[in-house]
Amino acid sequence: MIRKIAVVGAGTMGHGIAEVAALSGFEVALIDVSWDFLNRAKERITDSLNKLAEKKQINDPNAVLQKIEFNTSYDIAKDADFAIEAVPEKLELKKTVFKTLDSVMGSHAILATNTSSIPISDIAEATGRKQKVIGMHFFNPPVIMKLVEVIPSKYTDQDTVDKTVELAKKMNKIPVSLKYEIPGFVSNRIFIRLLQEACREVEDKEATIEEVDSTARNKLKLPMGLFELADYVGLDVVVDIWNVLTTRGTPDVKCSMFKAKVEEKNLGVKSGKGFYAYPAPGKYAKVQLPDSSKVDPSRLISLAVNEASWMVENGIVSAKDVDTVMIYGFNFPKGLMEMADEVGLDNILRNLEDIYSKGYQAYKPTNLIKSLVSEGKTGKNKGEGFHKY
Ligand code: CAA
């Protein structure tokens with residue numbers, strides 16, 4: 001029975017995860033290295049709880065806040081039953097955190113990481129309970145986004161997976177479990193593929209940044225443009241995930257814009273400037289975009305759909321799971337596979353073949369897409385594509 005949750009790291013994700021845990025009735029221990037970070041987290045949680053109270057989603061923000069204990073010492077994690085780590089994406093740092101959690105927490109406790117890019121097995125090896133270490137990947141902002149990806153490492157046992165899925169549900173989240181760990185999980189493999197095609201279109205002078213984002217927002221009806229979303233997530237985070245995917249074997253799509261922004265220290269919303277300018281560092285406001293654009297939505301999603309179909313073909317998740325990830329992790333109005341079925345898999349295939357013929361290896365169409373198209377299952381208007389209608 002999980003009663004108390006320790007959250008390590010009080011930054012963008014950690015403070016939100018602690019808030020979600022407290023909102024769903026758990027006792028929470030929030031730990032970070034300095035009181036500056038903890039005080040800032042307390043302010044952000046208070047602001048967010050006040051927003052929820054204004055909207056009558058909760059009655060007593062103070063009662064929720066009281067459930068969270070803040071400290072720089074791991075002593076407050078001693079009696080916790082579950083830990084979620086959300087410190088910066090540095091393996092050595094995460095290993096130190098896990099070693100410490102392993103030494104202070106009871107042997108029954110599960111240790112989860114919110115990493116989006118570091119191999120979970122590598123983190124688990126820092127502990128004496130590798131089978132009880134798991135990935136529990138939340139989305140920004142954690143209070144709003146419903147998805148949690150649950151990722152077993154090569155050591156994780158089934159009981160740990162089951163308990164993590166159950167906890168995610170108790171935290172009012174929608175869990176999607178991967179069959180086994182792949183770099184970037186489902187969410188970030190798709191996210192990076194969307195950004196890669198967006199970047200390719202701009203760098204190959206097919207479109208401007210604003211035109212790409214206009215199609216994303218106005219035609220695909222995504223809540224943000226793709227460059228806008230990259231700014232929101234943080235361009236340093238995006239580049240880290242991108243590098244992890246390519247160094248761990250995913251064919252790259254050459255693109256210099258993202259790395260250049262990071263080198264200029266324009267990191268997106270957090271620094272006040274990325275592909276767009278924001279009112280102040282850390283303050284997001286919707287960007288202005290043209291109403292119409294020549295960018296073809298089926299071209300823009302083609303590489304992401306190819307990636308998703310590779311995951312389906314390899315049994316990592318189902319087409320339905322891919323859709324759940326995009327709807328609840330990125331607030332897409334509908335799933336990516338459903339979008340592909342709507343624009344037509346024949347159109348997706350045509351775009352993939354066209355871009356592949358220009359020398360971009362990553363666009364090599366999967367056997368799954370090719371066979372669906374050759375069987376005439378090209379999507380919604382044929383009654384079948386990735387889904388049946
Ligand atoms: N606490 C409480 N409420 C909050 C909040 C918070 N922290 N943040 C936003 N809200 C509320 C607002 O009060 C507002 O409520 P009402 O509609 O009732 O007024 C609502 O959420 C929408 O917020 P805004 O009006 O400020 O702005 P918006 O309509 O542009 O929505 C957004 C903002 C919800 C972030 C939306 O743009 C969105 O869904 N964007 C996509 C976000 C996304 O894809 N996240 C995933 C990133 S990838 C990731 O996280 C994983 C990784 O590993 C990189």
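Okay, a term to start: a residue is buried when its relative accessible area is under 20%, exposed when that is over 50%, and partly exposed in between, using a 1.4 Å probe and protein chains only. Arg-299 is buried, because its relative accessible area is 12%.

Quick housekeeping. This is a predicted model, where local features need pLDDT of at least 70 and side-chain atom pairs count only at pLDDT 80 or more, while totals for chains, interfaces and linings use all residues. Residues are numbered from 1 along each chain as its sequence is written, and side-chain values use heavy atoms, leaving out hydrogens and water.

So, who does Arg-299 pair with? One partner is Glu-206, in a salt bridge whose closest N and O atoms are 3.0 Å apart. By salt bridge I mean a side-chain nitrogen of Lys or Arg within 4 Å of a carboxyl oxygen of Asp or Glu. Glu-206 counts as partly exposed because its relative accessibility is 27%.

Asp-354 also bridges to Arg-299, with the closest N and O atoms at 2.9 Å. Asp-354 sits in helix α15 (residues 345–357) and Arg-299 in helix α12, so this pair ties together parts 55 residues apart in sequence. Helices here are DSSP runs of H or I, at least four residues, numbered from the N terminus.

Zooming out, shared partners join Glu-197, Arg-200, Asp-204, Glu-206, Arg-299, Asp-354 and Lys-358 into one network.

How many salt bridges does the structure hold? There are 27. Across the interface of domain 1 and domain 2, though, the rule finds 0. Those domains cover 4–177 and 188–389, with bounds from an automatic or database domain assignment.

Conventions. Helices (H or I, at least four residues) and strands (E, at least two) are DSSP runs, numbered from the N terminus.
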